[in-house]
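Colleague: I am new to reading models. Could you take me through this one, feature by feature?

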Amino acid sequence: MNYARLLTVQDISCVGQCSLTVALPILSACGVETCILPSAVLSTHTAGFTGFTVRDLTADMPAIAAHWQKEGILFDGIYTGYLGSTEQIGYVQDMFRTLRKEGAKTFVDPAMADNGVLYGAFDMTYANAMKPLCFGADVILPNLTEACLLTDMPYREEYDEEYITEIVDKLCAAGAKTIILTGIGYQPGKTGVVVVDGGRTQYYEHRKIAKGCHGTGDVYASAYVGAALQGFTPYDAAKLAADYTVRCIENTQDDASHWYGVKFETAIPELIDMFRNRA
Ligand code: PXL
């Protein structure tokens with residue numbers, strides 16, 4: 001196994017199984033040293049809970065990054081998720097320049113929208129500011145809604161391969177490098193991941209579980225980044241992350257009281273096996 005040091009920038013939702021509370025354990029299971037920069041602290045995530053508290057940590061970011069720079073602390077990869085403000089996008093772009101070891105990869109999960117709508121905290125200014133961050137990154141992991149926002153395409157619930165190809169072509173024309181487009185299904189009961197890398201497009205189809213679960217984007221992106229840092233190709237990392245995420249959803253779907261996230265912990269032994277079986 002490689003031993004890479006990653007920086008991940010995303011929020012702490014104290015309750016709700018998303019962002020850092022998901023990324024840290026999953027990346028640890030992948031054997032990755034994970035350093036964190038919390039973008040905000042929320043009492044819960046914003047999708048379904050009401051009355052949550054938010055502490056935006058934008059103002060702390062430049063000093064934290066400056067301290068690391070002074071100490072010569074650099075990373076083998078930087079992975080961003082849910083950010084606390086539009087201003088933070090600029091700070092993250094600075095960190096991509098100043099905190100990377102040579103050859104380190106940047107991974108951006110735009111984490112701003114789903115099912116055709118922006119998350120409550122964001123507006124179009126934020127969505128547009130995400131474009132240069134995504135198009136400057138080595139790997140992006142949008143869902144369909146986010147890919148539409150990045151390309152100014154209309155979001156459709158029903159679509160064909162031609163529509164997806166148009167979105168992928170627009171992302172590439174705008175500068176996207178490796179694209180991991182999640183939640184793309186062409187037939188009932190199936191969904192999948194479109195993987196665009198080095199001018200080649202591949203598709204990994206897998207089972208779609210009827211119930212859409214919150215937090216699966218963060219589970220998926222964290223497992224993808226962990227596998228990528230262990231040397232998996234984009235397609236193999238996309239497949240591993242999909243298989244793990246499906247298992248997390250399967251382990252949650254029968255529990256209606258668990259609407260706010262997935263029981264990703266229950267499948268961590270299998271995630272570890274996916275790495276063991278490869279070694
Ligand atoms: O899972 C994405 C996410 C992360 N963090 C917060 C969120 C959401 C989605 O709604 O609200 C705070």
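Colleague: What share of the contacts in the protein comes from residues 24 or more positions apart?

Modeller: Contact means heavy atoms within 4.5 Å. Among contacts in the protein with a separation of 6 or more, 67% join residues 24 or more positions apart. This is a predicted model: local features need pLDDT of at least 70, side-chain atom pairs count only at pLDDT 80 or more, and totals for chains, interfaces and linings use all residues. Residues are numbered from 1 along each chain as its sequence is written, and side-chain values use heavy atoms, with hydrogens and water left out.

Colleague: How many helices and strands does the protein have?

Modeller: Helices (H or I, at least four residues) and strands (E, at least two) are DSSP runs, numbered from the N terminus. The protein has 9 helices and 11 strands. Its radius of gyration, taken over C-alpha atoms, is 17 Å.

Colleague: What percentage of the residues count as buried?

Modeller: Buried means under 20% relative accessible area, exposed over 50%, and partly exposed in between (1.4 Å probe, protein chains only). Of the 279 residues, 51% count as buried.

Colleague: What lies at the ends of α5?

Modeller: N143 caps the N-terminal end. A side-chain oxygen of N143 lies 3.1 Å from the backbone nitrogen of T145. D152 follows α5, and its phi is positive, near 55 degrees.

Colleague: Which residues surround the ligand?

Modeller: A residue is near a molecule if one of its heavy atoms lies within 4 Å of it. Those around the ligand include D11, C18, L42, H45, Y82 and H214.

Colleague: Which side chains have polar atoms by the ligand?

Modeller: T46 has a polar side-chain atom 2.6 Å from a ligand oxygen. For D218, a side-chain N or O atom is 2.8 Å from a ligand oxygen. S19 places a polar side-chain atom 3.1 Å from a ligand nitrogen. The protein covers 98% of the 320 Å² of accessible area that the ligand has on its own (Shrake-Rupley method, 1.4 Å probe).

Key: Polar contact = N/O pair within 3.5 Å; in protein donor to acceptor, adjacent residues only side chain to side chain. Rg over C-alpha atoms; globule rule 2.2 N^0.38 Å.
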